[in-house]
Amino acid sequence: MKKSVIEKILFAVFAVALCAVAYFAADLAFFQYDDPLKRASLNVINDSEELSFTYENDAITLHGGDNTTLYALTSGGTTVVEGKEYSSLPSNFLGSFAAIETDGNVTRIAKTDMEYTQGYSAKANVFLSEEIPFEVSYVDKEKFTVYFESKPLANSEVTVTLADGTEKQLTTDENGDITGLDLNEVRNGLSFTYKTDNHTYTINYQVEADTIFTTRWLSAMLPFGIIILISAACIALDVFLRKLLYKKEKLPLGRTGVTAKDMRKKRLVLGFETIRWVIMILSFALLIFGSRLTGTVFSNIELPVFACPYNLDQMTSAGCYYLSHLDVLFSESWIEILSFFGTFLVCAVLLGRVLCGFVCPLGFIQDVAHEARQSLHIEGISLNERLYDVLRLVKWIMLIIFLGIGFVGGSFCDFCPAMAVSPALAGFKLSLGLGGFVMIIVLVSGFFKRRYFCNVCPLGFILGLTHKISLFKLKKDAVACTECGACYEACPMGIKSIFTVREGKKGELRAIDVTTPDCIMCGECVRRCPENNALALTFCGKKVYNANRMKFMKQYAPKDKYAPFSGKEKP
Amino acid sequence: MSEYKRQGTPEERRRTRFLNKSSATAVKYLRKIDELPHKPQTLDPFLDVLRHIFVDMNDAVKPENTPTVGTYCVMVPPELIYAAGAMPVKLCGGSYTAFNVGDDIAPRDVCPLVKAIMGFESIGAMPVYQKCSLMAVPITCDCKKKLAGYLGERRPTVTLHVPTGRDRDEDMEHYVRELYQFSDELTKVTGNQLSYERLSWACGLTAAAQYELSRFIKLRRKAPLVIKGTHYLAALNALSYTHISIWTQYMHALCNELESKIRRGEMASKENRPRILITGSPLVFPNFKLPLLIEEMGGALVADETCMGERGAYDPPAIVDQSTDGIMRALANKSTRPCTCPTFTDNKRRIYRIMQMLEDYKVQGVIYHVLRGCLVYDYEYQVMEEEMGKLGIPIIRVESDYNEEDVEQLRIRVEAFIELIKYGKR
């Protein structure tokens, strides 16, 4: 009795500490870039004719003009930049440059937005000042808004010249928006020309050069590299300590594995698991390099997975941002709010936690860590019911932090482990808050316990709420089941009911719905089920993946006939 | 042994008498199995194993210099023993002769299986029993518990405390600890340390056998029957005394022959034979009177749910975690959780299991075999009868002992039961 009270108090202290740490996450920085403004060079098009600028290291150079003025956008408005170095930039600089030169009846402008200012929901920067009469701004990766004399230019014809010289005639709509430009066309740089009766305005919109696989990319990867190194060190330390412990307890050292090799020559069995890995790798690539690879982006789809929205190269937006920043969401227009909840509901009902098992990049990374342990044969940590119950409580705290932190002035992003991965891989330099430390925990615990973070994931919990109306279901045939517990042992989410349920709610025996809000539909239970038809994954009532004894046995039965033991002996 | 001379001490004479009698019984039952029609050619190696053990009185069939470990229930995972470099022999006794000896040592109500084991132990004449380096006795029922004590006084013995329930995680963790202790004892016998490499190799061995067994089970589900029930019981009994790699080869050949038989359409029974499932207490060679009777009386013994039959090697370990601890957990899991032994407090899964078998094998009648004194199996008959009643499947409880006096009585009951199924009168 007394012990349980102490446990409760300890847990409450832990909960409060976790909340406090999450609140101050931005201050507990894991990695801080000193000078995030250090850029790569800019692409230059037609630099002999058009006005453009480049920057390399510290210096900003202007091309193609003589009497040009360089402007920078600051929080105080438009400012003239005197020097040609970063150090001369004002401290409240917002990240947009423009250069302007008027020559008779031709006005030439060059503009660029530095990559971090194309921020997630921030509207692209616009000067809207008298000095710059004609301006374009790149909004939401989908459209350009054209401004003329600080007002949107509605229903007018604009000529767009692409980097390779082709010209496009496009018309703005009533809001002054131009759509129909491919993302990769934008990425290569383009210029807009607008002609009034006696004046021609040209604006050259420049985007930074491709940053993947450059030294700059490597420097963006630095914090993630550090995280991996620290995690590997933690794992090595754990294995070493265990070896010491086993030596002390006089247990066989071979238990920790590491150098052990598998003595069973296994057959390669292609199946559901293979499909899952292919989908996971594909979605990982698309959610990190998607827009770069395909040139399109679906910014209206807010996929509820932990794909960091600070990575601007991903194929879709991530729903995690608005859910953890509900205050931001409610300040948006109601159409935005409706479309967000619409896509979220459709995702939740159609796919549910299938997204966790197949799509989520954070889940993929944990699965990779798990596979690494499998190939090293290091002992894991097997949780039992009681530990899973504790994790369930931690999940509730995470949920409160996830939904509530925005209202009290914090940001979940500083706490979120996903922020360390996908922006870095896409080459975005991002200073990390507490999230970097959390990522180390995710990697180390994911190494020893499969999909550890998924057990406390707040987003996954919200997705799982709709499991009753979700189209994917897990069905159990209680009669065929021998209750061997292999499914429970295999389940990364520790769902026990799948093994203990013997009768459905309506007394059915043959097709009991054993889907729970925790189920991520990874299919591990079906794969490890040795009884024909005892477990099945269904979609709209149709069996997609079915347990099969012969298939099960094929995974284990070695290819070769009997061979006496020939491994090396450990003393 | 043909010439009889009164010589030696009474002890030695008793020994000789015992060996003569028990080998005579074994020869008789082997002949009966051999003479059953539709015997596949490749069944002979299995019968040779039984002859090797029970008639020629030899040690288990195995590679040279492999120590043997005697095991008494399916809860002892053979993988662990193979991993240590030894081989398991299942020593549950079925000998009438040994039963008679054991009858004098054990109390009246002890089951004949345990009496037979105690008989073998007190005579000390069977090499397969005598050459065991270690005895592993899981504490399943009361008889086995006292047997562990009896053996412990005479031989190096390990007891494995089997949990009485299986749904709680603690039960499983407890059994994992038991297995680690067992593994330590095995290391003392063979000198081989537990390691991932050895365990995974041993799991590969048993997996190969279970792969063949799964093929065999699939073939057995064919209607009409492709192999006689007594034949497959003999094949599975032979596993108890054979190194699993050798048994796998035999099984592989048997499966291949059965497959070609199916292709040629040579089935082992006619369409209209009543299809019977046998469940309950184990049928250990040479106690094969019941399956032989069923087959003699015109029934088709299509399936068995007994622990010396299919159940003995049925459950595969699902190795989820490729590490030493992962395999140990998988072994503990597979040896207790799916086990249908009625010694566990709750055994709904046995009823479900039989319901599934009724469907898979298209069973028309169930014979519930109870060895006299086997309380736990007798307990479950009530529940089984009720469930079978709901499904409309006739069931009969057949109690027998280790002697041949009740054969005629059994014959009448089995015959009546088969007639009942045949003519559809319930």
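**Exercise 1.** List the residues in contact with T68(B), leaving aside its neighbours within four places in sequence, and decide whether T68(B) is buried or exposed.

*Solution.* Contact here means that two C-beta atoms, placed from the backbone, lie within 7 Å. Leaving aside neighbours within four places in sequence, the contacts of T68(B) are A60(B), A86(B), M87(B), V89(B), K131(B), C132(B) and S133(B). This is a predicted model, in which local features need pLDDT of at least 70 and side-chain atom pairs count only at pLDDT 80 or more, while totals for chains, interfaces and linings use all residues. Residues are numbered from 1 along each chain as its sequence is written, and chains are lettered from A and ligands numbered from 1 in the order in which they are written.

Next, count neighbours. A residue is buried if 20 or more other C-beta atoms lie within 10 Å of its own, exposed if 12 or fewer, and partly exposed in between. T68(B) is buried because it has 24 C-beta neighbours inside 10 Å.

T68(B) belongs to strand 1 (residues 68–71) of chain B; strands (E, at least two residues) and helices (H or I, at least four) are DSSP runs, numbered from the N terminus.

**Exercise 2.** Find which residues touch the most other members of the largest nonpolar core.

*Solution.* A nonpolar core is a set of buried Ala, Val, Leu, Ile, Met, Phe, Trp, Tyr and Cys residues joined through C-beta atoms within 7 Å. The largest one has 253 residues, and L355(A), C487(A), L50(B) and L277(B) touch the most other members. Helix 9 (residues 196–220) of chain B gives the largest share of this core, twelve residues. Take L50(B) as an example: not counting residues up to four places away in sequence, L50(B) touches L30(B), A234(B), N237(B), A238(B) and F285(B). Another core, of 26 residues, lies apart from the largest one and includes F127(A) and Y138(A).

**Exercise 3.** Work out which strands stand at the edges of the open sheet of four strands in chain B.

*Solution.* Two strands pair if DSSP finds at least two bridges between them. The strand order is 6-5-7-8, with parallel pairing. Strand 6 (300–305) and strand 8 (395–400) each have a single partner strand, so they stand at the edges, with one side of each left without a neighbour in the sheet.

Now check one pair. Strand 7 (residues 365–371) of chain B is joined to strand 8 of chain B by six bridges. I367(B) has I396(B) in strand 8 of chain B as its bridge partner.
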